[in-house]
Amino acid sequence: MNSINIDCRQQKPPIRTEPPTKALAESLPKATQSHDHPAKPNNNTNASLFFVGTATTILEWEGFRLMTDPNFLHAGDHVHLGPGVTGTRQTNPAVNLEDLPHIDAVLLSHYHADHFDEKVEESLRRDLPIITTPHAKDHLANKGGDSFTNVQALDFWDSLRVNFTTSKQSTDSNLKPQIQITGMPGTHVPPGPLAVANDLLGAVPPTNGWIVELGYTSPSSSDSSSSVDSDKGYRIYISGDTLMFDDIHRIPEKYSSHTGKPIDLMLIHLGGTTIPSPKVPILMVTMDAKQGIEMMRLIGADVTIPIHYDDYDVFLSPLSDFKKAVSEAGLDKKVVYLDRGEEYRFEVKK
Ligand SMILES: [Zn+2]
């Protein structure tokens with residue numbers, strides 16, 4: 001398994017403005033609301049997930065910050081989502097790009113402008129580690145003198161170990177925090193002739209989902225292949241902009257309580273994104289409420305948080321549809337709803 005090493009002590013700003021126009025923020029803005037487990041409140045939380053908007057979240061744990069799908073456009077801004085397809089942002093991010101604290105790595109599900117907008121692409125510092133699809137790497141690492149220099153591509157089922165050093169004093173110096181990221185299958189267009197045509201046209205980009213495993217290893221442990229075991233650590237599944245399709249069924253074959261690798265948290269990209277436009281809704285390319293419930297039943301995560309649900313006008317399935325479907329399915333105690341600027345706190349077990 002490949003690995004990368006990140007030194008969080010350098011506290012590098014995410015953007016490359018030279019000279020810096022303002023001092024680097026020390027932290028994210030205080031969450032407007034902090035959510036706990038919906039059924040089992042926990043006083044030992046040591047990690048958080050801050051919802052910025054769209055599919056942009058910031059995971060903080062042991063001094064390490066991982067940002068997903070950075071999109072910092074504002075209400076009224078437009079994105080190009082493929083030939084003849086544009087979207088208009090309806091919301092503002094909970095924090096502006098230039099107000100972010102240090103970010104140690106980016107996890108990018110696919111190279112699409114509502115997940116990695118033009119301003120983000122222009123602004124991010126070039127050595128910021130980006131973990132993404134081979135397709136996105138092709139774009140980001142081949143921009144001549146303006147290339148990103150630390151892009152890691154993961155295919156479905158490929159894993160990457162992220163070793164990091166922080167200045168945060170661990171309460172138990174014998175344990176070292178570590179992250180493992182594995183690409184999960186995803187498809188942004190329905191399989192079949194449309195997908196074949198799309199592959200030829202390169203219209204809608206290929207997308208990954210992710211398993212992000214947070215856990216502690218002891219330096220004496222020779223088991224460098226260890227992923228998180230069932231009663232320790234924390235395992236997150238991020239769907240990416242996928243629809244339900246056959247390969248998703250392979251995820252619980254590997255990650256479930258039956259295999260000793262249960263999923264603690266699922267971030268599910270909803271919205272029922274429909275292209276080419278809200279006025280001509282022909283093709284749905286992300287899950288709607290119905291597929292979201294199917295996904296919840298299939299993955300069996302302990303907690304689900306919907307994201308990517310109302311930020312663009314091409315998102316035609318509102319969060320209220322999903323909420324209603326969750327209640328009807330009797331799954332209320334399995335879901336946490338985050339508005340932009342809110343956080344979910346959880347415990348990575350030692
Ligand atoms: Zn999207």
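Start by selecting H115. H115 is buried, at a relative accessible area of 0% (buried means under 20% relative accessible area, exposed over 50%, partly exposed in between, with a 1.4 Å probe on protein chains only). This is a predicted model, where local features need pLDDT of at least 70 and side-chain atom pairs count only at pLDDT 80 or more, while totals for chains, interfaces and linings use all residues. Residues are numbered from 1 along each chain as its sequence is written, and side-chain values use heavy atoms, with hydrogens and water left out.

**Stop 1: around H115**

H115 lies in the loop between β8 and α1 (118-123). Helices (H or I, at least four residues) and strands (E, at least two) are DSSP runs, numbered from the N terminus. Show the contacts of H115, meaning heavy atoms within 4.5 Å. Leaving out residues up to four places away in sequence, H115 touches A55, D69, P70, N71, L108, S109, H110, D241, H269 and H308.

The side chains of H115 and D114 are joined by a polar contact of 3.3 Å. A polar contact is a pair of N or O atoms within 3.5 Å; within protein, one must be able to donate a hydrogen and the other to accept it, and residues adjacent in sequence count only if both atoms are side-chain atoms. D114 counts as buried too, at 3% relative accessibility.

**Stop 2: the zinc ion**

Which residues coordinate the zinc ion? Select D114 (OD), H115 (NE2), D241 (OD) and H308 (NE2), which sit at 2.1 to 2.3 Å. Donors are N, O and S atoms within 2.8 Å of the metal (3.2 Å for Na, K and Ca); water is not among the atoms, so sites may look incomplete. Along the chain, the zinc donors follow the spacing D-H-x125-D-x66-H.

Check the geometry. The angles among the four donor atoms run from 86 to 158 degrees, and the site is irregular. Four donors count as tetrahedral if all angles lie between 85 and 135 degrees; four count as square planar and six as octahedral if opposite donors are over 155 degrees apart and all others between 65 and 115; anything else is irregular.

**Stop 3: strand β5 and its sheet**

Select residues 64-68. This is strand β5, and five of its five residues are buried. In a regular strand the side chains alternate between the two faces of the sheet. From β5, F64, L66 and T68 point one way, and R65 and M67 the other.

Next, look at the neighbours. Two strands pair if DSSP finds at least two bridges between them. Strand β4 (residues 56-61) pairs with β5 in the antiparallel sense over four bridges. Opposite M67 in β5 stands I58. The two strands form a hairpin with two residues between them, and E62 in the turn has a positive phi of about 55 degrees.

β5 is also joined to strand β8 (residues 105-107), by three bridges in a parallel run. Here M67 stands opposite V106. Continue from β8 to strand β9 (residues 130-132), its parallel partner over two bridges. I130 in β9 is the bridge partner of V106.

Zoom out. The open sheet has eight strands in the order β2-β19-β3-β4-β5-β8-β9-β10, with mixed pairing. β2 (34-35) and β10 (151-153) stand at the edges with a single partner strand each, so one side of each has no neighbour in the sheet.

**Stop 4**

Step past β10 to L154, in the loop between β10 and β11. L154 is buried, at 4% relative accessibility. Its contacts, beyond four places in sequence, include I131, T132, I181 and W210.

Move on to N163 in strand β11 (residues 159-165). N163 is buried at a relative accessible area of 19%. Its side chain makes a polar contact of 2.8 Å with the side chain of Q178.

**Stop 5**

Select residues 289-299 for helix α5, whose buried residues are A289, Q291, G292, I293, M295, M296 and I299. They pack against β14 (234-238), α4 (251-254), β15 (265-269), β17 (280-284), β18 (303-307) and α6 (319-328). G300 follows α5, with a positive phi near 65 degrees.

Finish on Y237. Among its contacts, beyond four places in sequence, are W210, I248, M295 and I299. Y237 is one of the residues with the most contacts inside the largest nonpolar core, which has 64 residues. A nonpolar core is a set of buried Ala, Val, Leu, Ile, Met, Phe, Trp, Tyr and Cys residues joined through side-chain atoms within 4.5 Å. A second, separate core of 24 residues includes F50, V52, V95 and A136.
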